[in-house]
Amino acid sequence: GVHVQRFASNGAAIGGAINVDSGATSGNGAIAMADDGSFVVVWQDDGQQADQDIFLRTFDADGDPTSAEIAVNQSEGFFRARPAVAMDALGNLVVAWEAELVGELHNIYARLFDADGVPLTGEFRVNATVAGEQKVPDVARQGGGEFLVVWESFGQDGDQTGVYGQRFTALGAASGPEFRVNLGTVDSQLEPSVGLAVDGTAVVAFRDVARGVLGRVFAADGSTFGGDFRIRAPS
């Protein structure tokens, strides 16, 4: 199952581990926390609805649940996996995940919820390019609700896997076209992670098979601050 452990700012554990879900085949959890200490956990569950699906549950600052387990995805298919979650200043949520639906290859989907876990939208596809496979999403959200989803895409940059991103308004409408994150395209760029500042500046980290872990910074208007930079050399 999925558990969480709260910690104080000095790293000391607060209470014991909290069981999030009722399933026995759950995993790949992700978490987002508000300024007041309340938080939300998302995860994939392999059995509750007979398929592999995405769920969320909200908690108060004491770690007590404030919602039931809420099904995130609406579609059916072969699987939904690897969820990511981000929260705005009001506690509104965006959940992104990887899915393989009937008649599709892997794509990235997302859905918006309020702070109580009530859906604000239906699920929608994040990536515009559907050739190849889109996997391993991450998401970050600004205080005003705008958000950025990043993922890895196979074959789109011309050589193996590359990293792509798409910005959205607070209401879930695409803001500008999807864009390539990695500057170099030799071999594969994988496993992106994204952070978003209050002014919309974004930093995306990813693993480059040949060059190690790299980062790249983007302004809110999509322009970049120079090239990529190395975070860690190849191991």
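A contact here means heavy atoms within 4.5 Å. Keep that in mind for the next minutes. The model is a predicted one.

Overall picture to start. The protein has zero helices and 18 strands. Its radius of gyration is 18 Å, and a compact globule with 235 residues would come out near 18 Å, so the two agree. Along the principal axes, the C-alpha atoms fill a box of roughly 45 × 45 × 40 Å. Buried residues account for 49% of the 235. Now contacts with a separation of 6 or more. Of these, 38% join residues 24 or more positions apart.

Strand E1 covers residues 3–7, and strand E2 covers residues 13–19. They pair antiparallel, over four bridges. Arginine 6 sits opposite isoleucine 14 of E2. Five residues lie between the strands of this hairpin, and glycine 11 takes a positive phi there, near 90 degrees. E1 has two faces. Val4 and Arg6 are on the covered one. His3, Gln5 and Phe7 are on the uncovered one.

On to a sheet. Strands E3, E4, E5 and E6 form an open sheet, in that order, with antiparallel pairing. Which strands stand at the edges? E3, residues 26–33, and E6, residues 70–71. Each has a single partner strand, so one side of each has no neighbour in the sheet. In general, strands of a sheet pair through backbone hydrogen bonds. E3 and E4 are joined by six bridges, and E4 spans residues 39–45.

Buried or exposed? Phenylalanine 39 is buried, because its relative accessibility is 3% and the cut-off for buried is under 20%. What does phenylalanine 39 touch, leaving out residues up to four places away in sequence? From the covered face of E1, Val4 and Arg6. Also Ile31, Ala32 and Met33. Then Arg57, Thr58, Phe59, Asp60 and Gly63. Phenylalanine 7 is on the uncovered face of E1.

The largest pocket has a volume of about 210 Å³. Its lining has 14 residues, and the closest to the centre are Arg167, Phe168, Ser175, Gly176 and Ala220. By class, the lining divides into six nonpolar, five polar and three charged residues.

Definitions and conventions:
Residues numbered from 1 in each chain as written. Predicted model: local features only at pLDDT ≥ 70, side-chain atom pairs only at ≥ 80, totals over all residues. Heavy atoms only, no water. Pairing = 2+ DSSP bridges. 1 Å grid on protein atoms, 1.4 Å probe; cavity = no way out; pocket = protein on both sides within 12 Å on 5 of 7 lines; lining within 4 Å. Points joined across faces, edges and corners; volume = space filled by probe spheres on them. Nonpolar A, V, L, I, M, F, W, Y, C, P; charged D, E, K, R; others polar. Buried < 20%, exposed > 50% of the residue type's maximum accessible area, 1.4 Å probe, protein only. Rg over C-alpha atoms; globule rule 2.2 N^0.38 Å.
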